[in-house]
Structures are given as structure tokens and as C-alpha cells.
Amino acid sequence: MSNNIRNRMGGGGGGGAMRNLAQGGEKAKDFYTTSKKLLNYLKPYNIAIAGSVLLACFSTVFAVVGPRMLGDVTNILLKGVENSNIDYAKIASILTFLGILYILSFLLNYTQQYIMTGVSQKVTYYMRKDIVEKLDKLPLKFFDSRSYGDILSRVTNDVDTIGNTLNQSLSSIITSVVTLIGILCMMISISIPMTLVALLTLPASFLFIKVVVGLSQRYFKNLQRTLGQLNGHIEEIYSGHSVVTAYGGQEIAIEKFRKYNANLYDSARKSQFLSGLMMPAIGFIGNIGYVLVCVLGGFLVLKNIVTIGGIQSFIQ
């Protein structure tokens, strides 16, 4: 430990071992093999994942049918106003059935989220367990060439990141794919021309997402690497406090901490800014699509091709 501290105080910078680990850890050497290993962790939960997919399908179907039924209510109201005879009983029955559908959709979605959260946490548990077992079998030279704080960061921060990503991404992917298919079918059933106009905004959204993800990914990688460097530096300085003090390395240690902390701040600020920029920009592009749909929808209403309730359902 004392040799390690002296080497770092002696002008080697914040760790050649740290740089080697960062350079080797930024990107998987074999993405296919890495993905296969991750899928192996998910394999024991195939039944739970399949059940979650099924629940997501039913939940999405119930949610997608809702706007169409609200459009029917709007058409009944308009027809009743024109004829001075509004069918309140039919409206009440539709709204009651719609309320039941929304409650069922919420319960199914809640159950699906609960199942996927359990799966992601179990995967995280066994992944961390396997990492600790692997560390127990590694030779001492592995720990001599790497910072203890960085190893700790791999076991805690990196595994937590994987767990959070699995928890959010698996549920989001399942729900989003099923929702996309359901909404697309419902849009086509209402009006093919309006569907084509709405889809015109998708290429712009995908292009923007590709650019933002490409930029933010670099900063997120640097964020994880810098976090490991900072944890490693703090762990070594505190555990080797007497050695640092004996060799007068306080100022060097403080300077290194400030450098790592500034790099961490810069990477976190840029990555969070870019990722936070995505939703407002996509919302702006989506609003342009709404305007185009409303203009075309108004024209189709004048031609008696689409009803006002149909436009309402389409927008929702």
C-alpha cells in the first residue's frame, strides 16, 4: 500500500493502472459475448418476462381503445346537438365501460412493472454475487495493478447502473413496442392519410435521437470512468493517510481530487444536459406533427371523410 501511494505521489499521475483499466473498460471487446452473458442472467426468468409481455399487451390494448371510445362519445354529442336529442344513457354506458378499461389497464401495467422490477433486482443480486466470487479467486497481482476504489466502483456503481437500466429499459421496451403497434393500427383504422402525415415527423425524431445519443454516450462513458478514478483516489488517500502525510503529499492529493472532481462535474453536466434535451426537442417535433394532422383532419371533415370524434381520437 505504501509503495502504491509513493508511486502516485511521485508524479505518475492519477494512476497508470487506472488509465489502463479505463481504456480497456470503455467498450466491450466482444459485444456479442457480453450480450450473451447478460441474456444468460435473464434466462431463468423467461416465464416472468413472458408474463410481463402478455400483461403489457393487454394493458396497452385497453389504453389504446380508450381514445377511440372518447371519439365515439364526441360524435354522439355532436349528433345529439344537431338533432336536439342527446343520448345520455349511451354516453354514460360508454364512459362507464371506458373507466373499467382504464382501471384494468392501470392494474395490469402496475403488475407488469412489479414483475420486471423483481427480475432486474434478482439479476443485479446474482451479478454482484458472481463478481464477488470472481474477486475471491483472482491473484494478488490483479489488486496490485488496480485501484481498490475503482474495483469497489465496479461492484457497486456499475452493477447498480446495469440494474437500473434493466429495470427501466426492459419495461419501457416491452410497453413501447406494444403501444406503438396498437396505436399505429388504431390510427390506420381512423384515417390512412392522417397516419401518413403523422409518420412524416418520425425520421426527424430518429435523426435527432441518433445525434444526441452519439454525443451523450461519450460523456456518460467518461462519467463512469471518472467516477471510478475519484473513488479510487479517495479510498487510497484515506486508507493511506499516514503515508501521504509522512511524504508530504497532501497538496498533490488535494490537487488530484480537484482535477477528478472537476472532470466528474463536467462529464455529468454535459451528459445530463444532452439527455435532458431529448424530450423537449422530440415534443417540439411532435407538436409540428399535431399541427399538420389538425390541418389535414379539418379538410377531411369538410369532405365528410373523417368525423370530428375521429380527429379527437387520432390526436389522443
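Reader: Among contacts in the chain between residues at least 6 apart in sequence, what share joins residues at least 24 apart?

Author: The share is 84%. Keep in mind that this is a predicted model.

Reader: What percentage of the residues count as buried?

Author: Of the 316 residues of the chain, 31% count as buried.

Reader: How is a pair of packed helices described?

Author: Two packed helices are described by the angle between their axes and by the distance between the axes. Take H4 and H5. Helix H4 spans residues 46-83, and helix H5 spans residues 88-137. Their axes are 8 Å apart and the packing angle is about 160 degrees.

Reader: Are H4 and H5 roughly parallel or roughly antiparallel?

Author: Angles over 145 degrees count as roughly antiparallel. H4 and H5 pack at about 160 degrees, so they are roughly antiparallel to each other. The crossing of H4 past H5 is left-handed. By class, the contact of H4 with H5 has 26 nonpolar, seven polar and one charged residues.

Reader: H4 also packs with H12. At what angle do their axes cross?

Author: The axes of H4 and H12 (residues 308-315) cross at roughly 155 degrees and come within 7 Å. H4 and H12 are therefore roughly antiparallel to each other. H4 passes H12 in a right-handed crossing.

Reader: Which residues meet where H4 packs with H12?

Author: From H4 come Pro67, Arg68, Leu70, Gly71, Thr74, Asn75 and Leu78. From H12 come Ile308, Gly309, Gly310, Gln312 and Ser313. By class, the residues of this contact divide into four nonpolar, seven polar and one charged.

Reader: Now H8 and H11. How far apart are their axes?

Author: The axes are 9 Å apart. Helix H8 (residues 192-199) and H11 pack at about 165 degrees. H8 and H11 are therefore roughly antiparallel to each other. The crossing of H8 past H11 is right-handed.

Reader: Which residues make the contact of H8 with H11?

Author: Pro193, Met194, Val197 and Ala198 in H8 meet Leu292, Val293, Leu296, Gly297 and Leu300 in H11. Sorted by class, the contact has eight nonpolar, one polar and no charged residues.

Reader: Move to single residues. Where is Val291, and is it buried or exposed?

Author: Val291 is in helix H11. The cut-off for exposed is over 50% relative accessible area. Val291 counts as exposed because its relative accessibility is 51%. Val291 and Ala198 are 93 residues apart along the chain, and their C-alpha atoms are separated by 9.6 Å.

Reader: Take Ser271. Is it buried or exposed?

Author: Buried means under 20% relative accessible area. Ser271 has 0% relative accessibility, so it counts as buried. Ser271 lies in helix H11, residues 250-302.

Reader: Which residues does Ser271 touch, not counting residues up to four places away in sequence?

Author: With those neighbours not counted, Ser271 touches Ser216, Tyr219, Phe220 and Leu223. Ser271 and Arg218 are 53 residues apart in sequence, with their C-alpha atoms 8.2 Å apart in space.

Reader: Which backbone oxygens does the side chain of Ser271 reach?

Author: Two cases here. The Ser271 side chain reaches the backbone oxygen of Ser267 at 2.8 Å. It reaches the backbone oxygen of Ala268 at 3.1 Å.

Reader: Now Ser120. Which helix holds it, and is it buried or exposed?

Author: Ser120 lies in helix H5. Ser120 is buried because its relative accessible area is 0%. Leaving out residues up to four places away in sequence, Ser120 touches Gly163, Leu166 and Asn167.

Reader: Last one, backbone torsions. Which residue has a positive phi although it is not a glycine?

Author: Asn304, with a phi of about 60 degrees. Asn304 is found in the loop between H11 and H12. At 70% relative accessibility, Asn304 counts as exposed.

How values were computed. Residues are numbered from 1 along each chain as its sequence is written. This is a predicted model: local features need pLDDT of at least 70, side-chain atom pairs count only at pLDDT 80 or more; totals for chains, interfaces and linings use all residues. Side-chain values use heavy atoms; hydrogens and water are left out. Helices (H or I, at least four residues) and strands (E, at least two) are DSSP runs, numbered from the N terminus. Buried means under 20% relative accessible area, exposed over 50%, partly exposed in between (1.4 Å probe, protein chains only). Contact means heavy atoms within 4.5 Å. A polar contact is a pair of N or O atoms within 3.5 Å; within protein, one must be able to donate a hydrogen and the other to accept it, and residues adjacent in sequence count only if both atoms are side-chain atoms. Axes are lines fitted to C-alpha atoms, for helices over the stretch in contact, and angles run from 0 to 180 degrees between N-to-C directions. Angles under 35 degrees count as roughly parallel, over 145 as roughly antiparallel, 65 to 115 as roughly perpendicular and the rest as oblique. A crossing is left-handed if the near helix is turned anticlockwise from the far one by less than a right angle, and right-handed if clockwise. Ala, Val, Leu, Ile, Met, Phe, Trp, Tyr, Cys and Pro count as nonpolar, Asp, Glu, Lys and Arg as charged, and the others, Gly among them, as polar.
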